[in-house]
Protein chains: 2
Amino acid sequence: MLKPNRHYADLKDSFLFVEIADRSAAYEKAHPEQLLLRMGIGDVTLPICPAVISALHAAVEEQAHTDSFHGYLPECGTPSLREAIAAHYARRGVRLDADEVFVSSGASDELGALLDLFDQDSAALVMEPAYPAYVDTNILAGRQILRLAANRGNGFLPMPDSDTTGDLIYLCSPNNPTGAAYTRSQLSEWIRFANATGAVILFDAAYEAYIEDADVPHSIFEIDGARTCAIEICSLSKTAGFTGMRFGYTIVPHELQRDGMNLHSMWVRNRTTKTNGISYLLQKGAEAVFTPQGQAETQKQIAYYKENASIWMKTFDRLGLWYTGGKNAPYLWIECPNGMDSWQFFDLLMERIQVVGTPGAGFGTSGEGFFRFSTFGSHVDTEAAAKRLLQWLG
Amino acid sequence: MLKPNRHYADLKDSFLFVEIADRSAAYEKAHPEQLLLRMGIGDVTLPICPAVISALHAAVEEQAHTDSFHGYLPECGTPSLREAIAAHYARRGVRLDADEVFVSSGASDELGALLDLFDQDSAALVMEPAYPAYVDTNILAGRQILRLAANRGNGFLPMPDSDTTGDLIYLCSPNNPTGAAYTRSQLSEWIRFANATGAVILFDAAYEAYIEDADVPHSIFEIDGARTCAIEICSLSKTAGFTGMRFGYTIVPHELQRDGMNLHSMWVRNRTTKTNGISYLLQKGAEAVFTPQGQAETQKQIAYYKENASIWMKTFDRLGLWYTGGKNAPYLWIECPNGMDSWQFFDLLMERIQVVGTPGAGFGTSGEGFFRFSTFGSHVDTEAAAKRLLQWLG
């Protein structure tokens with residue numbers, strides 16, 4: 001008799017986005033004359049930039065003709081793309097070998113796949129509030145989950161102390177959902193901790209393109225010591241609008257080893273065993289992101305979203321609301337006014353000013369009392385929502 | 001201290017394709033005047049068909065404009081594509097619910113990912129010679145591997161008997177590397193065995209488009225009883241030339257459950273946890289394959305490869321060589337002439353007539369003494385290679 005993976009029974013159902021959709025739909029049904037402004041959206045809204053579109057059309061055309069057709073590609077990525085990404089890091093002062101760059105279908109896919117590298121007995125350390133997949137993928141693998149609470153006291157950037165344990169440390173900076181971002185010295189402290197205890201850091205850099213502060217690293221490999229303790233997971237989803245295109249990349253340094261086993265070699269072996277690589281089209285599209293034209297065009301899109309961040313920040317400042325994020329991230333995380341819990345604030349926000357956001361409680365217990373706004377809407381909607389918020393709470 | 005997955009140390013290195021490349025390169029260096037005909041190639045050579053190319057260009061263009069841009073998509077596939085694939089099955093007399101169809105990045109990726117559904121204590125049963133990933137992905141998961149030898153005696157189509165055990169049964173039909181294909185009654189016997197013992201069949205149907213015999217099922221779900229014991233893994237790689245495009249689909253029936261757990265629900269939960277779905281471009285390209293135009297165009301490509309199969313079959317028949325495959329598969333599997341072992345035949349084939357193929361020993365011990373030819377080359381090359389073989393051995 002086949003035994004199913006019994007750990008599925010340990011998963012908790014996630015009702016966050018279903019519940020938001022249900023409550024919004026109920027409101028719209030009761031108030032058909034009202035238009036809800038959706039300010040919780042975690043998806044990009046601007047289209048793919050021209051440099052990438054041209055590269056994609058060209059790649060499609062290559063696949064139409066025998067002499068330019070591409071079949072199977074190297075599982076870890078085409079050499080030119082791996083070199084283009086390494087060159088992108090070099091421009092930021094980070095030296096990587098091209099074969100330390102692995103292409104992927106996106107950060108979410110990769111965060112699940114990477115767990116194959118680790119033993120079931122290694123415990124995962126997750127800062128909460130957190131992206132739910134950090135927890136769920138480890139539950140499926142039968143791993144113990146340890147939690148470190150982020151809160152207003154630590155600026156939603158928890159640091160290790162003498163009680164901290166954990167073998168597989170998830171750091172997401174800039175953070176989803178809080179938008180908080182670790183500084184160079186904070187990340188150095190995590191790196192010291194990992195090297196001292198033999199832990200490995202999974203560094204989720206999906207939102208690095210939104211960083212403005214010079215003191216906030218885009219890559220954990222900007223910091224000494226990271227090459228012996230970290231894997232970095234990146235994505236073009238929020239950098240170049242690839243949420244529906246699917247492309248990411250992962251850095252596994254040659255020096256990363258534990259217990260006599262080299263994790264870079266293991267990941268090469270994993271990819272050559274478990275995938276046949278990423279679509280030629282997506283690799284050509286991704287390569288265009290790293291050209292000067294692609295960089296200029298995608299940075300213009302990020303500047304657009306950052307104007308929304310600036311609208312929110314001015315509004316929260318005027319209202320005296322405590323918040324993190326916005327400056328280095330596409331998310332803002334406010335403390336709910338008047339001690340409301342996050343679903344109370346959700347309901348009131350919708351009823352009073354027809355704005356929809358994301359209740360912090362949906363990201364774990366320590367998100368209770370907080371609320372996430374995103375910057376991925378249009379300027380017009382963001383300005384209208386901010387104005388209504390000022391009128392209501394001001 | 002993080003513990004790495006210790007099972008990586010249990011993997012054996014696979015030198016097959018490296019060794020073929022090395023020996024071919026050495027020959028070419030020693031004989032620069034000779035042109036090798038590569039007849040072992042496992043990759044398609046014809047370009048993507050016009051229906052798919054048009055759909056891809058249109059999808060790229062949609063992604064260029066705000067009003068038609070697509071961000072995140074449903075993780076298990078867009079409804080229209082899942083319905084198109086279910087309709088494709090319906091035309092063959094197989095009734096599926098659209099939500100039993102899951103899109104994937106291809107059969108190889110999916111064969112690794114699906115293992116998340118099963119407990120480590122379930123044993124995998126693999127027919128050898130086999131696609132190496134069946135074995136390696138299970139070794140990485142720490143599972144016991146049981147082997148059932150395919151050989152000339154059973155026509156390279158092993159059947160269960162009273163000694164057969166195994167919880168996770170890999171069936172690849174038509175088979176890679178042997179090209180042998182199970183008939184309806186043979187598959188029924190495997191289904192009876194799985195339902196009686198509680199095993200689950202992973203049915204790899206990557207080569208179904210090459211089936212000609214009416215008695216060979218394209219899908220395991222053509223047979224009664226499969227819905228309670230089988231998962232079917234399909235690919236557009238060899239059906240529509242998608243080896244470098246990456247797209248596949250998987251059928252997990254609602255009725256499939258073991259030990260009180262429903263594997264369909266588990267797979268939905270797995271996908272929504274571990275992926276953000278397949279690229280919009282690839283889903284639109286795949287959908288075009290299932291249109292009448294896409295079907296007509298891809299069947300023309302398959303007919304091209306099947307002409308190569310027919311050249312090989314005539315040649316082997318004339319030479320009196322025993323073989324499987326060709327009729328229902330893009331591969332042919334011959335018994336090496338004069339009792340040669342498969343690397344002896346490889347060397348002699350290259351030295352005497354400058355033809356390169358794939359030694360059967362590379363697919364497992366029971367492949368020794370056999371040799372794989374593929375049909376993915378051009379007609380000109382295949383005819384030339386067949387002619388040389390006739391002159392040499394005839």
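This is a predicted model: local features need pLDDT of at least 70, side-chain atom pairs count only at pLDDT 80 or more; totals for chains, interfaces and linings use all residues.
**View 1. Two copies and their axis.** A rotation of 180° brings chain B onto chain A, with 0.0 Å of shift along the axis and an RMSD of 0.0 Å. The two copies are thus related as by a two-fold rotation axis. In chain B, B:His57 has the C-alpha nearest the axis, at 3.0 Å. Both copies use the same surface: 100% of the contact residues of chain B recur in chain A.

**View 2. The contact between chain B and chain A.** Chain B gives 77 residues to the contact, and chain A gives 77 residues. Together the chains bury about 6,300 Å², with 59% of it on carbon and sulfur atoms. Polar contacts link 40 residue pairs across the interface. On the side of chain B that touches chain A, the elements giving two or more residues include helix 2 (50–62) and helix 7 (263–274). That side of chain B divides into 32 nonpolar, 27 polar and 18 charged residues.

**View 3. A salt bridge across the interface.** Eight salt bridges are counted between chain B and chain A. A:Asp136 forms a salt bridge with B:Arg269. Their closest N and O atoms are 3.0 Å apart.

View 4. A:Arg258 lies in strand 9 (residues 257–258) of chain A. Its relative accessible area is 8%, under the 20% cut-off, so A:Arg258 is buried. Among the residues A:Arg258 touches are A:Ala194, A:Cys229 and A:Leu263, and also B:Met1, B:Leu2 and B:Pro4 from chain B. A polar atom of the A:Arg258 side chain lies 3.0 Å from the backbone oxygen of A:Thr228.

Conventions. Residues are numbered from 1 along each chain as its sequence is written. Chains are lettered from A and ligands numbered from 1 in the order in which they are written. Side-chain values use heavy atoms; hydrogens and water are left out. Copies are superposed by least squares on the C-alpha atoms of residues with pLDDT of at least 70 in both. Contact means heavy atoms within 4.5 Å. Helices (H or I, at least four residues) and strands (E, at least two) are DSSP runs, numbered from the N terminus. Buried means under 20% relative accessible area, exposed over 50%, partly exposed in between (1.4 Å probe, protein chains only). A polar contact is a pair of N or O atoms within 3.5 Å; within protein, one must be able to donate a hydrogen and the other to accept it, and residues adjacent in sequence count only if both atoms are side-chain atoms. Buried area is the accessible area (1.4 Å probe) that two parts lose on being put together, summed over both. A salt bridge is a side-chain nitrogen of Lys or Arg within 4 Å of a carboxyl oxygen of Asp or Glu. Ala, Val, Leu, Ile, Met, Phe, Trp, Tyr, Cys and Pro count as nonpolar, Asp, Glu, Lys and Arg as charged, and the others, Gly among them, as polar. Lists of a residue's contacts leave out its neighbours within four places in sequence.
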